[in-house]
Amino acid sequence: MWFDFNATCNLPCIFILVVDLGDFSCVNRTSFPTMVFWVFGYGSLIWNPVFEYDEKVIGFIKDYKRCFDVACFDHMGTGENPARTCSLEQNEGAICWGAAYCVRGGPHKERAAMEYLEKRECEYDQKASVDFYKEGETTQPALSGVIVFTSTPDQETNKYYLGPAPVEDMARQIANASGPCGNNRNYIFMLEKAMYDIGHEDDFVIELANEVRKVLGIFVVIPTGKKTKKVLPSSHSPRKSQIQPLLLHRSSEAVAMDS
């Protein structure tokens, strides 16, 4: 896995090669059909794509959901204390929101983007072909034949697969993991904010980020008229666009929480 936080540490994405792209503007219809390179991001690619792209589209794939089952040993963690990063698991009826990026400009540009992404995602050893849906169009896929790279859920054959764990255990691992490129906690907070920014918050990401805040003794500041309310996140805390995810402060002592 290749990382580069804050313009140098990055995390999971999905690759897309498509032929039929509906009404996407970067398709040259006079030469249709033609191969166009698309990338769908569900992790750090949403906020930090790094590579050069020509178009960004918010959308989702069906029957997949985020999970934090993939290890990072070298950048945000170590072999003794690995970080947890985002992957996908199949889940019928689920949807996973993210951002698709179009890369055009000839073979050289497309090859450069693919080579970069293959280095970044080298541990994702399993792939499936799925459809990508644009925002507001839930029945007709905008892209077909999308290649989704995931990690084999087998600890014997895949050294990167950590497997599922209780949210509290994952939160402690994320809160305490760090490596040469930074710490694991920043990743979960930045992913939470990225989903907030595109208007499609992920309940599991919010829950996990709040558990990490509990471990760290961090409270969220919520403006309430002339006063400021301080709360430790829990299942009773406001969600869904009521909290700016990165407006954080460290608490020196326990803070009372309203239900």
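Hi everyone, let me begin with a term: a residue is buried under 20% relative accessible area, exposed over 50%, and partly exposed in between, using a 1.4 Å probe and protein chains only. At 35% relative accessibility, Asp 63 therefore counts as partly exposed.

Before I go on, what you see is a predicted model, where local features need pLDDT of at least 70 and side-chain atom pairs count only at pLDDT 80 or more, while totals for chains, interfaces and linings use all residues. Residues are numbered from 1 along each chain as its sequence is written, and side-chain values use heavy atoms, with hydrogens and water left out.

Now the overview. The protein has four helices and 11 strands; these are DSSP runs numbered from the N terminus, with helices being H or I of at least four residues and strands being E of at least two. Of the 259 residues, 51% are buried. For contacts, meaning heavy atoms within 4.5 Å, 70% of those between residues at least 6 apart in sequence join residues at least 24 apart.

Back to Asp 63, then. This residue lies in strand E3, and its phi is positive, about 65 degrees, although it is not a glycine. Val 50 is another non-glycine residue with a positive phi, near 70 degrees. Val 50 sits in the loop between E2 and E3, and with a relative accessible area of 43% it is partly exposed. As background, most residues other than glycine have a negative phi.

Next, the strands. Which strands pair with E4? Pairing here requires DSSP to find at least two bridges between two strands. Strand E3, residues 55–72, is joined to E4 by 15 bridges, and the two run antiparallel. In that pairing, Leu 88 of E4 stands opposite Arg 66. Strand E2, residues 36–41, also runs antiparallel to E4, with five bridges, and Val 39 has Tyr 101 in E4 as its bridge partner. E4 itself, residues 83–103, is mostly covered, with 15 of its 21 residues buried.

On to the helices, starting with H3, residues 184–197. Its 14 residues reach 20 Å from first C-alpha to last, close to the 20 Å expected at 1.5 Å a residue; that expected span is 1.5 Å times one less than the number of residues. H3 is mostly covered too, with 10 of its 14 residues buried, among them Tyr 187, Phe 189, Leu 191 and Glu 192. Asn 184 belongs to this helix and is buried, with a relative accessible area of 0%. What does Asn 184 touch, leaving out residues up to four places away in sequence? Its contacts are Met 76, Ala 83, Arg 84, Gln 173, Ile 174 and Ala 177. After H3 comes Gly 199, with a positive phi near 85 degrees.

The axes of H2, residues 167–176, and H4, residues 203–216, come within 8 Å and cross at roughly 60 degrees. Those axes are lines fitted to C-alpha atoms over the stretch in contact, and angles run from 0 to 180 degrees between N-to-C directions. The crossing is right-handed, meaning that the near helix is turned clockwise from the far one by less than a right angle. On the H2 side the contact includes Met 170, Arg 172 and Ile 174, and on the H4 side Phe 204, Glu 207 and Leu 208. By class, this contact has 10 nonpolar, no polar and four charged residues; nonpolar covers Ala, Val, Leu, Ile, Met, Phe, Trp, Tyr, Cys and Pro, charged covers Asp, Glu, Lys and Arg, and polar is the others, Gly among them.
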